[in-house]
Amino acid sequence: PEEITPLVNALNRLFERLARAFENERRFTADAAHELRTPLAALKVQAQVARRSKDDRERNQALDSVLQGVERASALVEQLLTLARIDPERSQAMSEVVNLEQVATNVITTAAGQAAQKGIQIEFHSCNKPLIGAIHEGVEIMLRNLLENALRYTPEGGQVCISIERNETQRITLRIGDSGPGIPKSERERIFDRFYRLAGQGTAGSGLGLSIVKRIAELNRAEIRLGDSPLGGLEVSVRFLCNAD
């Protein structure tokens, strides 16, 4: 009957959303299990080497490898937990007024030690009072992931530039550029996929950082784009479509 057509359409849309949610959950669980299996297997091997070794030097090397493996596994688990926390449709969470300059300053201060270890100079510029309507925790996680990613791939003695701009329509845009190797244009769309990492990269990582950034951008109604940095590496720009009233 024509009268129940809206109900039928609404139910169909609900079932489609449920199907996508179940598929995403299944794929995420499978991917997470696969990613955790490798570091755990390596930990087991190194622990066995340390246990059987009678040479102090060999034992210490194996134990050092165990510690490094634990650190990598811990970082991966932390990223997985973050992704799991923001992945469900929680856009119902109330947005608040977020001062993007203040959040960026806090994130840069926290990352100063990591930058100093590699001799990387962080440059920061901001427009006056860049206020946006967003989920504060999500914006902070997004900024932290973007900065850590830039620092990770920027060589020693390099540069990272962070800027916050306001365009003629009063929209706020965050830009993070670095002097690293950059990303080929053919690979730029794929790096937002979970666990995807570029071949030949010598740095450790889980392949989840930019997936988290993309998801947070979606929840905060922001557009994210990749381009070439004036410093020679990659530039990530996040344009927030919802300014604070």
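How many bridges join β4 to β5, and do these strands run parallel or antiparallel? The legends below, which describe close-up views of a predicted model, take up this pairing together with the rest of the sheet.

**View 1. The open sheet and its strand order.**
The sheet is open and consists of five strands, arranged in the order β2-β4-β5-β7-β6 with mixed pairing. On average, and with direction ignored, neighbouring strands are turned by 10 degrees against each other.

**View 2. Pairing of β2 with β4.**
Strand β4 covers residues 159-166 and runs parallel to β2, to which it is joined by six bridges. Two of the residues of β4 that take part can be located by their partners: Q159 is the bridge partner of Q121, and I162 is that of F124.

**View 3. Pairing of β4 with β5 and the hairpin between them.**
Seven bridges connect β4 with β5, and the two strands run antiparallel. Within this pairing, R166 stands opposite I172 of β5. The hairpin formed by β4 and β5 has five residues between the strands, and Q170 adopts a positive phi near 70 degrees there. Q170 is a residue other than glycine and is placed in the loop between β4 and β5. Its relative accessibility is 44%, a value at which Q170 counts as partly exposed.

**View 4. Helices on the sheet.**
Helix α3, residues 100-117, lies across β2, β4, β5 (172-178) and β7, and runs at about 175 degrees to β2. Helix α4, residues 136-153, also packs on the sheet, where it touches β2, β4, β5 and β7. The direction of α4 makes about 20 degrees with that of β5.

**View 5. Crossing of α3 and α4.**
The axes of the two helices, α3 and α4, come within 10 Å and cross at roughly 35 degrees. The crossing in which α3 passes α4 is right-handed. From α3, the contact is made by L100, V103, A104, V107, I108, A111, Q114 and A115. From α4, the residues that take part are H136, V139, E140, L143, R144, L147, E148, L151 and R152. By class, the residues of this contact divide into 11 nonpolar, two polar and four charged.

**View 6. The largest nonpolar core.**
This core comprises 39 residues, of which L100, L143, L146, L174 and F240 touch the most other members. Two or more residues are given to the core by each of α3, β3 (131-134), α4, β4, β5, α5 (209-219), β6 and β7. The largest share, eight residues, comes from α4. Leaving aside neighbours within four places in sequence, L100 is in contact with P130, I132, V139, L143, I164, I172, L174 and F240.

S237 lies in strand β7, which spans residues 234-240. Is S237 buried or exposed? With a relative accessible area of 13%, S237 falls under the 20% limit and is therefore buried. Apart from neighbours within four places in sequence, the residues in contact with S237 are T173, L174, R175, E223, I224 and R225.

A134 is placed in strand β3 and counts as buried, at 0% relative accessibility. Although A134 and V97 are 37 residues apart in sequence, their C-alpha atoms are 6.6 Å apart in space. Neighbours within four places in sequence being left aside, A134 is in contact with S95, E96, V98, V139 and N220.

**View 7. K129 in the loop between β2 and β3.**
K129 is located in the loop between β2 and β3. This residue is not a glycine, yet K129 has a positive phi of about 50 degrees. Which accessibility class does K129 belong to? The relative accessibility of K129 is 57%, so the residue counts as exposed.

Definitions and conventions:
Residues numbered from 1 in each chain as written. Predicted model: local features only at pLDDT ≥ 70, side-chain atom pairs only at ≥ 80, totals over all residues. Heavy atoms only, no water. Helix = DSSP H or I, 4+ residues; strand = E, 2+ residues; numbered from the N terminus. Buried < 20%, exposed > 50% of the residue type's maximum accessible area, 1.4 Å probe, protein only. Contact = heavy atoms within 4.5 Å. Pairing = 2+ DSSP bridges. Axes fitted to C-alpha atoms, helices over the stretch in contact; angles between N-to-C directions. Core = buried A, V, L, I, M, F, W, Y, C linked by side-chain atoms within 4.5 Å. Left-handed = near helix turned anticlockwise from the far one by under 90°. Nonpolar A, V, L, I, M, F, W, Y, C, P; charged D, E, K, R; others polar.
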